[in-house]
Structure formats: C-alpha cells, structure tokens
Amino acid sequence: MDQTTDRIVELRAQVQRYDADRYPVQHATAQFHLGAALHGAGRLEEGEAALAAAVAGFDPQVLPREHGVACNALGSLLRDRARPSLAIELFRRAVAAFTAAEASSELGAAWFNIGLVLRDLGDRDGAVDAFRRAGEHLDEDAVPGAAGAAARELGTCHLEDGDVEAALGALARAVDLADRANDPTGVGVAANVTGLAHLAADDHEAAAAAFARSAASLPRNREPAAHAMALANLALAHERRGAAPRARLAAAQALAVERIEPAVRAQAEEVLDRVGSPTGAVWQVLDEEPEERWPGIVRAEVTRWATLPPGPRRFELGAWISGQLDRPGVDVVLAATLVGAYLELPPDTLDRLVVATVQAAAERPEEERVRFRQQVSRALARYPMPQWMRLRDLFNRAAGEEGWG
C-alpha cells in the first residue's frame, strides 16, 4: 500500500477506536482527518460521509471553531462534487461558527470559498462582495498568501465586469502579497491576470511586463500549461506593441511546451501566422537587450530548439551560428551564453543539441567553421573544468563524426 492508503487505514482505525457517544470530540476529530485524506485521494463519496460526521460531531455551541473548520472542509468537497447550493450552505454555517469563535483568518477563508462558488454560479456581484469580505478578514501579515488569493479573485471579477481600474488595483495588491508570501505560483497567476487587465486598458508595454513576470514565476518544468499560457499572452502583447521579433519568440516558445491547452495553442499559432517565422528572431531581441539578460533569453530558445524536429533544429542552429559570427565584438560572450544554456540541459538533450550544432556548423565554409569552433573553445574555458571537459568531449566526438575534427 502507498502512504495515502496507509494513512486512510490508520484513520479508519482511529474512528473505530473512539466511540462517538463516549468520546464525541475525538471521534469527530478522527472523522475530520479521515474525510480530508479521502478528499485528497479523490474518494469524494466516502470523504463526504466522514466530513458530515465531523460536522455533526463538533457542537457549534461548544466548539464553534472546530465546527466551522469541518463545515468549510465539507463545503470544499461538495464544490468539487458539483453541488454548489449545498456547498454554500456549509460555507455560510462556517461563517457563523467562525464569527462566534472570533476566528478572523478562518472567517476570511470561508468567505473566499463562498466567492468561488458564487462565481461558478455566475453571480459576480455576490462573488465580488464575498471576496471583498474575505480580504477584510485575512491578515496580510499573518496570511499574505491567502490575502493575496482573495485580492486576485476580486481583481479577476472586476476585470470580467469591465472595471479595469478596480481590477488593476486589486491585482497589484495580489501580486505584492503573493511575493511577500514567497509564493511564485501565486505571483505568476496574479501577474497573468494583471497582464490581461493591462491589455484591456490598451497598455501593451505594461501587459508585456506582467506576462513576462508570469512566465518567469510559472516555470515550464513545474507549471507547463500555465507557462505556455503566459507566453502566448506575452506574444500577443508584444505583437500589439509592435515588437514582432519578441512576439515570434514568445509564441514559438509557447508552442514548444508539451502540455498546452487548445485555446492557448490556437492563440500562439495565430500570432505566428500574423508576425511570421521565429527563425533567427532571437538576434533581433538580443541586440536590444543588455548582456546580463542574454542568458535567460538564450536558455528559453535552447529549450525550444531541443523540442524541434532535426531539420528545423539545424536550421535554427545555423541561424545562431551566423548571428554569432556576425558579431565579432561579443562573439565569445555569445558562445559562452550558448554553452551555459547547454550545460543546464539533461544529458540526452545535451547530446542531441551538440550533434545538431556540429552538423549545422559543418555545412558552413571552412573559415567560418574554424572561427565558430575557436569561439566555442574559448567560451568553454570560462566554465569549471569538469563542465567544460565534458562538453568539449561531446563537441570533439560529434566533430569527428562529421569529419571536421
């Protein structure tokens, strides 16, 4: 059995151990923890029964806070079971219990959940009121993450209502609170909605900045779908502000993410249809950016190249080699930036990129091929010996196989 199953078995034993008549509080506590575990495991029907027993077991007159916590948990499960009316009833019972217990943070959480259900039901006015009440009770210093989530949902409702100014005010607070809570996912989600609000206000520069922050806060390896959404939105913002090369890169990078929603894919493809192919666009972006920003830009492109079929990948690398050779003042810096991005790749991906790089270089005239290899060799020396020796060996092996070693 896995740990979750073991925990459920253990909690069932606790429920049996504490007779509901003789030990009502201990029995209700065990039922609450069992219900939460079952909910987390996706066993919603069993979880509902356990949490209902917990709600019944905690007397609201004697243990109002515990009763409220159980009501809130059962309401969340009922929302997941698509039973919104009963969920709201439980959340309102939680509000009454937390009010009696003077439990401000828990009261804020209950109002937040009411807001979610009302928004699901299309009652945006009710949702706005609930999220506003949640924010009034969630202490920004004690629970900045929860307070930030309430501000984010409030801002989202304002944006859906067309009140952009109110939305931007709430969303700025949401981003700040998520940042204070050290919650990058919260920052990324709030920043994405902030970007949408700026787009609605036709402030494309601010929208691009917000979407860029969202993409950075929702990294591809941890939040692939959200990362792709932020990039597709970033592409749209760049297009609208007249920055076609940046729009090409962002759209292409969004499409390179494996788990991408159909609507996000469609938006990115539409941007590329309008602004053209991304091949070589990285140079137009790098030429506009200070050197300290190059690593992040190149890292994102290298990650995209790794997802391409062999032919397009070599074509992209050929464009990179041309651009590096055409910039003699910073050629080694650029080579070092490329090497640094390569060194962050998984071994199999690194091998694939090195072979493709050598193949692309092999297609060039001998003088250019020699210069490119010299630049890469000088760049390798900037890295610790184990790293550059490993990469040097990969390049040498691939070069030998291509006949230009």
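This is a predicted model: local features need pLDDT of at least 70, side-chain atom pairs count only at pLDDT 80 or more; totals for chains, interfaces and linings use all residues.
A residue counts as partly exposed when its relative accessible area falls between the under 20% of buried residues and the over 50% of exposed ones. The structure holds 30 salt bridges, and a search of the whole of it finds 4 aromatic pairs.

**Salt bridges between helices**

- Arg-79 and Asp-120 form a salt bridge, and their closest N and O atoms are 2.9 Å apart.
- Arg-79 belongs to helix H4 (residues 64-80) and Asp-120 to helix H6 (residues 104-120), so this pair ties together parts that are 41 residues apart in sequence.
- Arg-79 is partly exposed, at a relative accessible area of 30%, and Asp-120 is partly exposed as well, at 47%.
- Glu-160 comes back here, because its side chain meets that of Arg-124 in a salt bridge, at 4.0 Å from N to O, where the cut-off is within 4 Å.
- With Glu-160 in helix H8 (residues 144-160) and Arg-124 in helix H7 (residues 124-137), the pair ties together parts that are 36 residues apart in sequence.
- Arg-124 has 31% relative accessibility and counts as partly exposed.

- The side chains of Arg-180 and Asp-176 meet in a salt bridge with an N to O distance of 3.6 Å.
- Both residues sit in helix H9 (residues 164-180), where they are 4 residues apart, or about one helical turn.
- An α-helix has 3.6 residues a turn, so residues three or four places apart point the same way.
- Arg-180 counts as partly exposed at 43% relative accessibility, and so does Asp-176 at 40%.
- This pair is part of a network of salt bridges that links Glu-140, Asp-141, Arg-173, Asp-176 and Arg-180.

**Aromatic rings**

- A pair of aromatic rings is described by the distance of the centres and the angle of the planes.
- Tyr-18 and Tyr-23 form an edge-to-face pair, with 6.0 Å from centre to centre and 75 degrees between the planes.
- Tyr-18 is partly exposed at 27% relative accessibility, and Tyr-23 is partly exposed with a relative accessible area of 32%.
- Elsewhere, ring pairs link Trp-283, Trp-305 and Trp-320 into a cluster.

**Helix H17 and its surroundings**

- Helix H17 (residues 310-325) has 16 residues, and its first and last C-alpha atoms are 22 Å apart, close to the 22 Å expected at 1.5 Å a residue.
- The buried residues of H17 include Arg-313, Glu-316, Leu-317, Ile-321 and Leu-325.
- Trp-320, one of the tryptophans in the ring cluster, is also among the buried residues of this helix.
- The buried residues of H17 pack against helix H15 (281-286), helix H16 (294-307), helix H18 (331-343), helix H19 (347-362) and helix H20 (366-380).

**Ser-217 in helix H11**

- Ser-217 lies in helix H11 (residues 204-217).
- Its relative accessible area is 13%, so Ser-217 is buried.
- Leaving aside residues up to four places away in sequence, Ser-217 touches Pro-184, Thr-185, Val-187, Gly-188 and Arg-222.

Notes. Residues are numbered from 1 along each chain as its sequence is written. Side-chain values use heavy atoms; hydrogens and water are left out. Helices (H or I, at least four residues) and strands (E, at least two) are DSSP runs, numbered from the N terminus. The expected span of a helix is 1.5 Å times one less than its number of residues. Buried means under 20% relative accessible area, exposed over 50%, partly exposed in between (1.4 Å probe, protein chains only). Contact means heavy atoms within 4.5 Å. Rings of Phe, Tyr and Trp (its six-membered ring) pair if their centres lie within 6.5 Å; planes under 30 degrees apart count as stacked, over 60 as edge-to-face and the rest as tilted.
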